[in-house]
Amino acid sequence: MEPQALAMDVRQLEKLSVLQDEQAPNLVAEMAQGFLARTPARLARLRECLLEGNAGRLANEAHGLATSSGMFGMMRVRLLCKSLENLVRGSGLEGAEALILQVERAFTEARPLLLAQLKCPEVQSPE
């Protein structure tokens, strides 16, 4: 069962806006664009860790993605990543593949919502 959380919580972005000033009026948008550009590679690393059977690294990757997702308001991604981390740390890799799939789906759902909040163009993933 998928945890209940908002796909996008704009209040998190509002909290980050205090980092902006006259010298960096678009800081949050720039940070979020970097996050969006790097996340597909991070999702791929989750799968790599699973294929390698590396539970420790998978838990660490899930933890990092949970933190940054939460920072940018992707609360469902955050919650699913925390669930993945807890599962792997607690009982191993059994069931991790299904959770990774949910994380990927939640990111795909939240990505355009974040972009709309930032009012910025699509971010291309680095090749």
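## Basis of the model

Helices here are DSSP runs (H or I, at least four residues), and strands are DSSP runs as well (E, at least two), numbered from the N terminus. By that rule, Ile 100 sits in helix H5.

The model is predicted, with local features needing pLDDT of at least 70 and side-chain atom pairs counted only at pLDDT 80 or more, while totals for chains, interfaces and linings use all residues. Residues are numbered from 1 along each chain as its sequence is written, and side-chain values use heavy atoms, with hydrogens and water left out.

## Nonpolar core

The largest nonpolar core holds 34 residues. Such a core is a set of buried Ala, Val, Leu, Ile, Met, Phe, Trp, Tyr and Cys residues joined through side-chain atoms within 4.5 Å. Buried means under 20% relative accessible area, exposed over 50%, and partly exposed in between (1.4 Å probe, protein chains only). Phe 35, Leu 46, Leu 58, Met 74, Leu 84, Val 103 and Leu 114 touch the most other members. Two or more residues each come from H1, H2, helix H3 (55-71), helix H4 (75-91) and H5. H5 gives the largest share of this core, ten residues.

Leu 58 shows how these contacts run (contact means heavy atoms within 4.5 Å). Residues up to four places away in sequence aside, Leu 58 touches Leu 46, Cys 49, Leu 84, Val 88, Leu 93, Ala 96 and Ile 100. Ile 100 is buried, at 0% relative accessible area. With residues up to four places away again not counted, Ile 100 touches Leu 46, Arg 47, Leu 50, Leu 58 and Leu 84. Along the chain, Ile 100 and Arg 111 are eleven residues apart, and their C-alpha atoms are separated by 16 Å.

Ala 44 belongs to helix H2. Ala 44 is partly exposed, with 35% relative accessibility.

Glu 61 lies in helix H3. Its relative accessibility is 17%, so Glu 61 counts as buried. Beyond neighbours within four places in sequence, Glu 61 is in contact with Arg 45, Leu 46 and Cys 49.

## Salt bridges

How many salt bridges does a search of the whole structure find? The search finds seven. A salt bridge is a side-chain nitrogen of Lys or Arg within 4 Å of a carboxyl oxygen of Asp or Glu. One of them pairs the side chains of Arg 11 and Asp 9 (2.9 Å, N to O). Asp 9 is buried, at 8% relative accessible area.

Others lie in helix H4. The side chains of Glu 85 and Lys 82 meet at 2.9 Å, N to O. These two are three residues apart in helix H4, so about one helical turn separates them. Arg 89 and Glu 85 also form a salt bridge (3.1 Å, N to O). That pair is four residues apart in helix H4, about one turn of the helix. Shared partners join Lys 82, Glu 85 and Arg 89 into one network.

Is Glu 85 buried or exposed? Glu 85 is buried, with a relative accessible area of 7%. Its two partners are partly exposed: Lys 82 has a relative accessible area of 24%, and Arg 89 stands at 48% relative accessibility. Neighbours within four places in sequence aside, Glu 85 is in contact with Ala 59, Ala 62 and His 63. Glu 85 and Leu 65 are 20 residues apart in sequence and 10 Å apart in space, C-alpha to C-alpha.

## Largest pocket

The largest pocket contains about 160 Å³ of space. A pocket is an open set of points on a 1 Å grid over the protein atoms alone, where a 1.4 Å probe fits, with protein on both sides within 12 Å along at least five of seven lines; lining residues have an atom within 4 Å of a point. Grid points are joined across faces, edges and corners, and the volume is the space filled by probe spheres set on the points.

Its lining consists of Val 10, Leu 13, Glu 14, Ser 17, Gln 20, Val 28, Ala 29, Gln 117 and Leu 118. Helix H1 (10-16), helix H2 (27-52) and helix H5 (96-118) each supply at least two lining residues. H1 gives the most, with three. By class, the lining has five nonpolar, three polar and one charged residues. Ala, Val, Leu, Ile, Met, Phe, Trp, Tyr, Cys and Pro count as nonpolar, Asp, Glu, Lys and Arg as charged, and the others, Gly among them, as polar.
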